[in-house]
Amino acid sequence: MEKKIKNKSSIVRIIISNYDDKKIKEFKVLYTKQGGVDSFKVNDYSISEIEKKEQHIFKSGKVKERSGKKIEFKDVTSKNKNISIEYKNGDIYVTNGNVRKYMISGVNFPLQNENNQIKLIIKDLAYKQSDKRREESFTNKVLLNSIHKKNYEEIKGENVDSLEIYKIKRFLSYRSDMLVYFALINDFFINTEDLGYNNIYEIKEAEGEKYNLAIEKIVLKVKDYISKFIENNNNAYENYQNKKAEKEKEGKQILEKNLIKLDLISDDDLKKDIQKIIKVFINLRSCLLHYNYREIDKLYTDIDNSIVGKELNLNIFNYLDKIKDIKEEKINNFLEKEDTIYCLGATKKAQKLYTLYYKICNRKNGFNNFINLLFTNDGEEDTNIKEKAHEIFKRRYENLKKLKKDKEKELKEFKNKKSKKYFDCYKEYKEILKEHNEMKFLEDKKAAPYVWDIANLKYYKRLYNTHKEKSLEVSKEILSKFDNRKDIITKLNKEILEQKREMKKITKLNSKYRLQYKLQVAFAFLVKEYNDSGKLNLSEFMQKFQAVNMNEKIDEFKEKALVYLDLNTEKNSNERESIDLKNLEEKISQLEELSIFSNDRKNSLVKFYILTYLFLPKEAKGDFLGFIKKSYYDRKNLEFNKEYQETEEREKDSPFYHDLRLFEKNSKKYEIINYSISDYSKLEESFEKIYEKLGLDSNKITEYVGKSGKRMFDTNIILPFLKNYKINFKFFNDMELLALFNLKEEKNLFNLEKSINLILENGYINFQKLIEEAYSKKHSTKGRLQARNDIAHFSWHNLFIAPILKEDYIDKNNEPFRNHQGNSILENAKRYEEIADVHSQKQLGFNMINDYKQRKKQFLFNLKKEAYLNSVRKESNVEVISENNDLLEKENIILDKWNIKIPKDKIYDDLDEIFKFYLKIQEHISGKTTIKSRNLKNLEVIIEKGDVRNYTQLDNPQNYKKQIDGALKKEASNLLGIYKKYAIKRLKLNIFNVLDEDLDKLQSKVDI
């Protein structure tokens, strides 16, 4: 029976994607199932006098009629070449090739506030009564309010539409978060010993000896961080060279390592860098503070880059590429020097081919992901590829058998066994033999050469289970009373070792052959799709390959994947294609290493992001990466500068997105300045009290997990507060902007810039003065807006110590005051409601208090979710708790072994009980104490499930101390893992209680 063709038809719907206060400028038609989009630019339309009445049914059941006027489209264009447009009675009839036909009409409804509401209706002309999809759908959009539009134009400095307003709102959010990161970097610089300044802009304003002294102190601090890494690297280099020299004297070889010796950066070079860095941070911070949208726009597009100029040509950047190379993990660590790969009909060194592939992937973002997609089908392994790989494997194996016999015969015929020809022939034979033996091993063991997950391979599973059983037998024999147990254990250990070797061999061979087929497809794709007379046209590939565009055509290339996989494999000679593999290797080898720090690359913003990342504390680095990633997609999905983006040649030349993704991918490798907030702030001396208030003992944590382990706890204290204050700071920035517009209105000023200039002090906006001036000093603001300044300049006492320890807040003169309320949602909202009527939304068209509450509620919900013993999720805006039973059962088994009985609701209170046993195990291993048998449950059970319970009954336990200590270390690690998990949850719970001063007034409180 013939299979019915699936109905791929799709419901069409319409959205208005851009508009201003006069008319709609763009609309889009979406194909729901197919994911297609038709975009239309509306160049001209008119409003006819023909009235059209619309009926709307309200909840009361009443029907209300609305009178509107018909929209008559006159000039509508589309970039899609397949689309044809016809006009009939003002409506437009669209034909999109063979995909869809539809008609679009429009109605204009005048509103009471002088705005207009536009309604667009789309009618599916291919609709049939039998179809389940709708015949018609519509969309409504209220055009821009003229006051809102004017105010946003004040920020941008030119005409705006709805799309531009969206971008400006993203800029305002970007501005707020970026200023918080600047405050953290400012704190790093001013916490330099004996610096004597509170802000880095004060250093810039200093003169002569004072300026030079401040710069030199910062240079010493930064150099200390950089030199630590370089000295450690150079010590490793020297040790390796000395060891290599010793081995050579003894006539022995040593494993080759690609180590590089680095010179320390000079004080003069670093001083020049620090001066530039401070200047860059001050300039960009100033642009953000003064709402200089245009300058930030220029930074994104590298047009007339006046903010940073040439200040980002830094000496420190010269080190980052070298440091990245040193930190680069070995990309082919499972491959040995002698390993070969059969690719495009030739046998090549595996490490070399993989290095060439890696080089391409580093130069072309998305290429590796594209190749991986060719091997999958909807996220699962493509069985067609797998079957073809097995077929190729068998053909190659049969051919190798023949080649092996031929070479053996050829070697026997040589009379002169010392001739060069004989040695060349013998070398070829050894390579054939190695590959033949690998394939024979896989064939004999029925171990498929291409497996998605090695654990699913039957033979590997059998080995693993046998290995597990024999390991358990060893554990039992250790405690047995038999005289010959030593011989039995030795025999079992030999069998276990052999199984481990075989498992490792299968794993390695599977990885190697998966890599072989992947490289085969990758290089075959290059030579087939970018071929110039049989030679790779690499320049065409570098110019034209775009991962996004290729992924859209992935189905087309998946059909070709089988051809790529089979290209030049074991076939008849007349079927093989002539491919110059040597030329392919040479072209790829000639690719210059891409450096995102080159002075000629137009990527100033990327360099600035890297600079910011370098100087941020560890607690904020991950958050900053998330921030720039969001910023990346905001800019990528919506053109930030139309004039720049419309020129295709300039878009191709811009490396911004490419370099940003490359930085994100390798961010850890650029870290050379590593510090914690608790190291360089006044928090350090108060952390002991903070831990105590949050339910943990700081000294015990350090004793338990060491100073480095305690960093994880410090981060989990600091990061929630940082995220909280970013939300608060956005609220104060919205408050500031609205006050600036109100000041303009109150004082009848010409524009936003005049408002800013009116309240500037020493070049910076005085927030308190702004609020008083904007609202005619109707309200006293003394001390009540201190929370904003605390975030802008990071007052550690007011942001962390005071709210946690319930101490008095202090002002800049260290005088206490009690009107801070920096964390309170409703207090902040109430305070501003007293000052300004924000609910009118008359200035910018959004309710800042509602936005603030929503952001805060979401943050607190996420924090609460992390603090729960069980998982929490939202369903229809209602919090639902669900237990992770599997995880709890595993934890209970671990605790039960040590007879630790803690009710689930009391686990936060009895964490020390868990750690008590962890310490006892550690002390036992070190020989300080012996675990008493009463601390263990079920004394009669010596071994259970392979875990050591009590080994003090052994006749001679020292013979097996290593195995026993290994089992106990595993137990200790499990207990420590449980302790850390619940200790951090308790921290987050108590932090939640500190920050959640009035969430119960916003939503129902749930017990944790």
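## Helix crossing and salt bridges

Helix 1 and helix 24 are roughly perpendicular to each other. The model is predicted. The axes of helix 1 (residues 146-156) and helix 24 (residues 698-746) cross at roughly 105 degrees and come within 12 Å. That angle falls in the 65 to 115 degree range, so the pair counts as roughly perpendicular. On the helix 1 side, the contact uses N151, E154 and I155; helix 24 supplies L737, F741 and K744. By class, the residues of this contact are 3 nonpolar, 1 polar and 2 charged.

Salt bridges come next. The structure holds 37 of them.

| Pair | N to O distance | Location |
|---|---|---|
| D91 and K70 | 2.6 Å | strand 6 (residues 91-96) and strand 4 (residues 63-77) |
| K228 and D224 | 3.8 Å | helix 4 (residues 208-249) |
| E408 and K404 | 3.1 Å | helix 10 (residues 383-413) |

D91 is buried at 10% relative accessibility. K70 is also buried, at 19%.

K228 and D224 sit 4 residues apart in helix 4, about one turn. K228 is partly exposed at 45% relative accessibility. D224 is partly exposed as well, at 38%.

E408 and K404 are 4 residues apart in helix 10, so about one helical turn separates them. E408 counts as partly exposed at 25% relative accessibility, whereas K404 counts as buried at 19%. Elsewhere, salt bridges with shared partners join D339, K434, E438, K508 and K512 into one network.

Notes
Residues numbered from 1 in each chain as written. Predicted model: local features only at pLDDT ≥ 70, side-chain atom pairs only at ≥ 80, totals over all residues. Heavy atoms only, no water. Axes fitted to C-alpha atoms, helices over the stretch in contact; angles between N-to-C directions. Helix = DSSP H or I, 4+ residues; strand = E, 2+ residues; numbered from the N terminus. Parallel < 35°, antiparallel > 145°, perpendicular 65-115°, else oblique. Contact = heavy atoms within 4.5 Å. Nonpolar A, V, L, I, M, F, W, Y, C, P; charged D, E, K, R; others polar. Salt bridge = Lys/Arg side-chain N within 4 Å of Asp/Glu carboxyl O. Buried < 20%, exposed > 50% of the residue type's maximum accessible area, 1.4 Å probe, protein only.
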